[in-house]
Amino acid sequence: MSALRKNITFWRVVFALIMLSGLYATYLRVFYGLGASTNLNDQFPWGIWIGFDILCGVGLAAGGFTIVAIVHIFNIERYKPILRPTILTAFLGYVLVVVALMFDLGRPDRIWHPMVMWNPHSVMFEVAWCVMLYNTVLALEFAPAVCERFGWHTTNKWIKAISVPLVILGVVLSTLHQSSLGSLYLSVPSKLYALWYTPFLPVFFYISAICVGLAMCIFEARHSAKAFHREMHMDLMNNIARILAVLLSFYLVLRFHDLRHREVLDLLFVPRMETYLFWLEIGLMAVGAFCLYFRRIRANADLLYVCALFVIFGFLTNRLNISLTGMEAASGTHYIPKWTEIAVTLSVVAAGFAIFRFAAQYLPVFDEPHEEEVEADVEPQELERLVLTR
């Protein structure tokens, strides 16, 4: 009984409650449809399941192609210790995006239709194919960890043999659909509020995805270090933070240059909800970028983590502003998510954390030096002591 009480912690109770509410919301969605489980309507057909689960989910998983490109294309090997955790985060992110999409589709049983019913003129068609293919690529990129766990050495060799084209394909696919999500909103110039509608939306989506991908590397490293009592690799996080600060500053400068070029700077001072939420998103990102320029902050794990949170929440605010806030005025409705919509979103996020923890416990997610490498790095006297003590 005492052992059972030890296993019942506050966060496990919270996790159980979230999953139970998500299951009930799933029941309502499956048996009673979108009308009973959401506050969506014909005037506002895309809600939090698209805005958060899809647009934010895909962006938050962008660290995968970023770190893979750094390690395998630019051949910067020192980032290899954080490669597998980042790939796992990206893989889970994309899988859960597909799961969330099953809730939002009116006919989720037809999700396979883009595979056989081609419409190359549709941005959604391109996004669907890129997400399907990139999910496959991420699964293959993470497969070596599974092969090592179960001793499938032949399969592991075959996967490693095709690793280079896999990496190139993954980077290309991720580049395509990260920007294409922004292209979706180019078709609604009269509906999306002018603070966010711009021909450069695909570019902004792509750059911001890289920024939040780097922030997610810091976020994941911090939580993994605390949960599994591991090193956070502060030297690598410091370098990532410096890159993030510069890239995020470049992104913010581009945003304001675009506003000036489109002659909508006066909208920044109009007293309405869109203005306040725009400044919130810019403020969160600007504070994160500014603080990351200080070496003292980058050298402190706690402060670095807080800066990453500023960037992540700024990114989330941006995607929700584009998909929800910026679309409300033109729709003539006021959308507030139903509790079942929020329950599904929270359960998807909670499931992602739980699966990551499970995978990290039972698979070689965190690189460990091989025995030969450890012995090669020690002095002969130390090696002799190691052998005698075995």
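In the class counts used here, Ala, Val, Leu, Ile, Met, Phe, Trp, Tyr, Cys and Pro are taken as nonpolar, Asp, Glu, Lys and Arg as charged, and the others, Gly among them, as polar. On this basis the lining of the second largest cavity in the predicted model comprises five nonpolar, five polar and one charged residues. This second largest cavity holds about 50 Å³ of space and is lined by Leu60, Ala61, Gly63, Gly64, Thr86, Thr89, Ala90, Gly213, Met216, Cys217 and Glu220. Helix 4 (63-73), helix 5 and helix 9 each contribute at least two residues to that lining, with the largest share, four residues, coming from helix 9.

In total, three cavities of 30 Å³ or more were counted. At least two lining residues of the largest cavity are supplied by each of helix 9, helix 10 (234-261) and helix 13, and the lining divides into seven nonpolar, two polar and four charged residues.

Turning to the open spaces, the largest pocket has a volume of about 1,800 Å³. Of the 46 residues that line the largest pocket, those closest to its centre are Phe219, Val349, Ala350, Gly352 and Phe353. Two or more residues of this lining come from each of helix 2 (10-37), helix 3 (48-60), helix 5 (83-104), helix 9 (201-228), helix 13 (301-331) and helix 14 (339-362), and helix 14 gives the largest share, 11 residues. By class, the lining of the largest pocket contains 30 nonpolar, nine polar and seven charged residues.

Terms used:
Residues numbered from 1 in each chain as written. Predicted model: local features only at pLDDT ≥ 70, side-chain atom pairs only at ≥ 80, totals over all residues. Heavy atoms only, no water. 1 Å grid on protein atoms, 1.4 Å probe; cavity = no way out; pocket = protein on both sides within 12 Å on 5 of 7 lines; lining within 4 Å. Points joined across faces, edges and corners; volume = space filled by probe spheres on them.
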